[in-house]
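Please read this report with the sequence and the model side by side. The sections below take up the surface, the overall architecture, and then a few local features in turn.

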Amino acid sequence: MANIYIALFSCFAVCRENGSRTDAYVSEIYSRQTYIKTYQVNFHPVLSENFWRDVPFNLTFYPPNTKNERGRKQDKRFQGEMDHRNPDSPLRCGRCRIPGHNRKNCNNPGPSNV
């Protein structure tokens, strides 16, 4: 019951209940003082390209040498026992659900859409 009670409170309320401080659990990086120090420096806008200096090297970036693989990408999830078909059961048609053939070879009329 105590775990449910703690889960319902926010972090601040839990720390207040335990008598501990929130800064014991949160890094100093996320403090208000660090945020103010970060943004107290003045940011200057970048000048237009007319004021840029010439560099003695070429800055050309080419795309990485990767080939798009053909076909459908492999699924990355872990498969459970539900994902594997029982080898003893015969294949069934996806349209008429009769065993012995598949949708490509099916001669049975499909369900009417009316």
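Accessible areas come from the Shrake-Rupley method with a 1.4 Å probe, and for residues only the protein chains shown count as cover.

## Basis of the model

The model is predicted, so local features need pLDDT of at least 70 and side-chain atom pairs count only at pLDDT 80 or more, whereas totals for chains, interfaces and linings use all residues. Residues are numbered from 1 along each chain as its sequence is written, and side-chain values use heavy atoms, with hydrogens and water left out.

## Overall architecture

The secondary structure of the chain amounts to 3 helices and 0 strands, and the order of elements from the N terminus on is α-α-α. Of the 114 residues in the chain, 6% count as buried, while the accessible surface of the chain comes to about 12700 Å², with 54% of that belonging to carbon and sulfur atoms.

Among the contacts (heavy atoms within 4.5 Å) in the chain that have a separation of 6 or more, residues 24 or more positions apart account for 0%.

Side chains of opposite charge can pair when their charged atoms come close. A salt bridge is counted when a side-chain nitrogen of Lys or Arg lies within 4 Å of a carboxyl oxygen of Asp or Glu, and the structure holds 2 of these salt bridges. Arg77 forms one with Asp75, where the closest N and O atoms are 3.2 Å apart, and the side chains of Arg77 and Asp83 meet in a salt bridge at 3.2 Å, N to O.

Rings of Phe, Tyr and Trp (its six-membered ring) pair if their centres lie within 6.5 Å, and planes under 30 degrees apart count as stacked, over 60 as edge-to-face and the rest as tilted. The structure holds 1 aromatic pair. Tyr35 and Tyr39 form this tilted pair, with 5.1 Å from centre to centre and 55 degrees between the planes.

Both tyrosines, Tyr35 and Tyr39, lie in helix 3, 4 residues apart, which is about one turn of the helix. Tyr35 counts as exposed because its relative accessibility is 56%, and Tyr39 is exposed with a relative accessible area of 52%.

## Cysteines and the segment after helix 3

A disulfide is a covalent bond between the sulfur atoms of two cysteines. Taking a disulfide as a pair of cysteine sulfur atoms within 2.5 Å, a search of the whole structure finds 0 disulfides. Cys93 is in no disulfide, and the nearest cysteine sulfur, that of Cys96, is 3.7 Å away, which is too far for a bond. Cys93 is buried, with a relative accessible area of 0%, whereas Cys96 counts as partly exposed at 22% relative accessibility.

His101 lies in the segment after helix 3 and, leaving aside residues up to four places away in sequence, touches Leu91, Arg92, Cys93, Cys96, Cys106 and Asn108. The C-alpha atoms of His101 and Leu91, which are 10 residues apart along the chain, are separated by 6.8 Å. Arg97 is also placed in the segment after helix 3, and Arg97 has a positive phi of about 65 degrees although it is not a glycine. Most residues other than glycine have a negative phi.

Conventions: Helix = DSSP H or I, 4+ residues; strand = E, 2+ residues; numbered from the N terminus. Buried < 20%, exposed > 50% of the residue type's maximum accessible area, 1.4 Å probe, protein only.
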